[in-house]
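Hello, and thanks for taking a look at this one with me. Here are some notes to read alongside the picture.

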Amino acid sequence: MFVCICRAVTEDEVHEHCSAGAMSVDAVSERCGAGEGCGTCLERLQAIISERNATATTAA
């Protein structure tokens, strides 16, 4: 499923970037361009990243 239509970034790609160390919307955006177009995806990007950060904190 696409998260960012402007840059054709999928949810899987966002997860891959997070796994590679991108822990913020800005970091993901720098890697793939998500959020740099219309901005509609910013809320979804933040939700995915927050969920991953919470999971990582709980697992640690």
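In which helix is His-17 found? Keep that in mind for a moment; please also note that this is a predicted model.

1. **His-17.** The residue belongs to helix H1, which covers residues 11-19. With a relative accessibility of 19%, His-17 counts as buried, because the cut-off for that word is under 20%. Setting aside residues up to four places away in sequence, His-17 touches Ala-22, Arg-31 and Cys-32.

2. **The overall fold.** The protein chain contains three helices and two strands.

3. Of the 60 residues in the protein chain, 30% count as buried. The accessible surface of the chain is about 3,800 Å², and carbon and sulfur atoms account for 52% of that surface. As for contacts in the chain between residues at least 6 apart in sequence, 49% of them join residues at least 24 apart.

4. **Charges.** The protein chain carries 4 positive and 9 negative side chains. The centres of these two sets lie 2 Å apart.

5. **The cysteines.** How many disulfides does a search of the whole structure find? The count is zero. A disulfide is a covalent bond between the sulfur atoms of two cysteines, and the cut-off used for such a pair is 2.5 Å. For Cys-41, the closest cysteine sulfur is in Cys-4, at 3.9 Å, which is too far for a bond. For Cys-32, the closest cysteine sulfur is also in Cys-4, at 7.2 Å, and that is again too far. Cys-41 is buried, with a relative accessible area of 6%. Cys-32, a contact of His-17 in point 1, counts as buried at 18%.

6. **Ser-29.** You will find Ser-29 in helix H2, residues 25-32. Is Ser-29 buried or exposed? Its relative accessible area is 12%, so Ser-29 is buried. Beyond residues up to four places away in sequence, Ser-29 touches Ala-34 and Glu-36.

7. **Arg-52.** This residue lies in helix H3, which runs over residues 42-59. Arg-52 is partly exposed, with a relative accessible area of 26%. Leaving out neighbours within four places in sequence, Arg-52 is in contact with His-15, Cys-18 and Ser-19. Ser-19 is 33 residues away from Arg-52 in sequence, while their C-alpha atoms are 9.0 Å apart in space.

8. **Ala-8.** Please give the backbone here a glance: Ala-8 has a phi near 55°, a positive value in a residue other than glycine. Ala-8 sits in the loop between strand E1 (2-4) and strand E2 (9-10). Its relative accessible area is 43%, so Ala-8 is partly exposed.

How values were computed. Residues numbered from 1 in each chain as written. Predicted model: local features only at pLDDT ≥ 70, side-chain atom pairs only at ≥ 80, totals over all residues. Heavy atoms only, no water. Buried < 20%, exposed > 50% of the residue type's maximum accessible area, 1.4 Å probe, protein only. Helix = DSSP H or I, 4+ residues; strand = E, 2+ residues; numbered from the N terminus. Contact = heavy atoms within 4.5 Å. Areas by Shrake-Rupley, 256 points an atom, 1.4 Å probe, with all protein chains shown as cover. Lys, Arg positive; Asp, Glu negative; His and termini not counted. Charge placed at Lys NZ, Arg CZ, Asp CG, Glu CD.
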